[in-house]
Amino acid sequence: MDLIASDAVLDEAYAWLCDRRKDHSPHDDVWTLRERWADVKPRLQRSLLRGEYRCDVTRRVHTAEGVIEIWSAADALVLKATALVLQRELAPVLSPRCFHLAGHGGLKGAVRVVDVTRRDQMFVFRTDVHGYYASLDHGILYRQVCEHVTDRRVLKLVWSYLRRMVCDGGEYEAVTQGISLGSPLSPLMGALYLKPLDDLMERLDLPYVRYMDDWVILAKTRWALRRVVQQVNTILDNLKLEKHPDKTFIGRIDRGFDFLGYRFVAEGLRLAAQTKQRFVERATRLYEQGAAAGRIGEYVRHWLTWVRSGGLESVWDVFLDGVTRVSGIRHGAHHLLQCGLNGPLTHIPPRSVCSGGSSWMSWGIGGDRPPRP
């Protein structure tokens, strides 16, 4: 706790908070905290060092992308400081093959490793956990933290993070299962919870890549794959988790499989169909909501940068080649892609050229012919 409450760690967490909430509403409590930081900081330090700090009520917010919880500015800062310290403390016991943790390679690193490793393997077990964050058992996770953290003040803080109170539209709910989507501490807790799986794969010495609750296990023989599937199922039962039925694939690698937004096929690496569909839906939603051309262009540029980054430029080349072969691509999506590549988006095809419920974005990405004006 002394490290969490130190000037250096709190200042780093404060800088993170200011950056993350710089675009929040003028009524957000982050502005009050920033205005009074010189007075708030010593009070936070005293409360942390005495072991008295407890997390406040969170707000549950429903968005088009899903449900998240918004923590108070002070809680977000304290949890970020806790994550900074605990990540260093837990680094020796967390698997280097857990790619979502800072410094472990990230999503693109995980994709690159799978792409290279699969070439001399025959079989794959790819899955993720159904409702991972919402499924974590507090008792199991707390005992895992206790195995590596002895400071009772930190343990009390972690328990208050787990057993939080949530306000959802004026109704209050005491949470007894699951961790918060939107908390800076949750990625670390998510990594720790599946440590038994990481330990198993370390013992078996099979090619293995995990990104939070998504993982790929590769094997050269069907027997080895069956064996590891049985052992993984036992671990998931012990952790009270279930595999996602729609995202589980067990079989030959040459049949192709999806992982982290990419499609691994015999011909090489491709964007997964769902990744392209989500791009279409998001861009179309912005368009239908009347977003300015610059706003849509900014989204498209960020998405294109993501596609091409991380040493995966070949994926972008195949994607763009496929788009440019679509009939009528001069309209809609092709114009959008070119603007995303070359600069600000200045013009978007009018909705009047669309008919029958078609969206202009689907022309290029989905492969449909654009309707005639």
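Here are a few notes on this predicted model, taken one feature at a time.

1. Let's start with helix α12, which runs over residues 273–288. Its 16 residues stretch 22 Å from the first C-alpha to the last, close to the 22 Å expected at 1.5 Å a residue.

2. Which residues of α12 are buried? They are Thr-275, Phe-279, Val-280, Ala-283, Thr-284, Leu-286 and Tyr-287. These residues sit on the same side of α12, because they cover an arc of only 160° around the axis.

3. Now for the charged pairs: the structure has 20 salt bridges. One of them joins Arg-60 to Glu-173, with the closest N and O atoms 2.9 Å apart. Arg-60 belongs to strand β1 and Glu-173 to strand β5, so this pair links distant parts of the chain, 113 residues apart. Glu-173 counts as partly exposed because its relative accessibility is 37%.

4. Have a look at Asp-214 and Arg-126 too, whose salt bridge is 3.1 Å from N to O. Asp-214 is in strand β7 and Arg-126 in strand β3, so the pair ties together parts 88 residues apart in sequence. Buried or exposed? Asp-214 is buried at 13% relative accessible area, and Arg-126 is buried at 8% relative accessibility.

5. Asp-151 and Arg-153 also form a salt bridge, at 3.0 Å from N to O. Shared partners bring Asp-2, Asp-151 and Arg-153 into one network.

6. Finally, Val-57, Met-165 and Tyr-172 make a nonpolar surface patch of about 280 Å². Met-165, in strand β4, is partly exposed at 34% relative accessibility.

Note on methods:
Residues are numbered from 1 along each chain as its sequence is written. This is a predicted model: local features need pLDDT of at least 70, side-chain atom pairs count only at pLDDT 80 or more; totals for chains, interfaces and linings use all residues. Side-chain values use heavy atoms; hydrogens and water are left out. Patches are made of residues with over 30% relative accessible area and no salt bridge: like charges are joined within 9 Å, nonpolar side chains (Val, Leu, Ile, Met, Phe, Trp, Tyr) within 5 Å. Accessible areas come from the Shrake-Rupley method with a 1.4 Å probe; for residues, only the protein chains shown count as cover. A salt bridge is a side-chain nitrogen of Lys or Arg within 4 Å of a carboxyl oxygen of Asp or Glu. Helices (H or I, at least four residues) and strands (E, at least two) are DSSP runs, numbered from the N terminus. Buried means under 20% relative accessible area, exposed over 50%, partly exposed in between (1.4 Å probe, protein chains only). The expected span of a helix is 1.5 Å times one less than its number of residues. The arc is that of the directions from the helix axis to the C-beta atoms.
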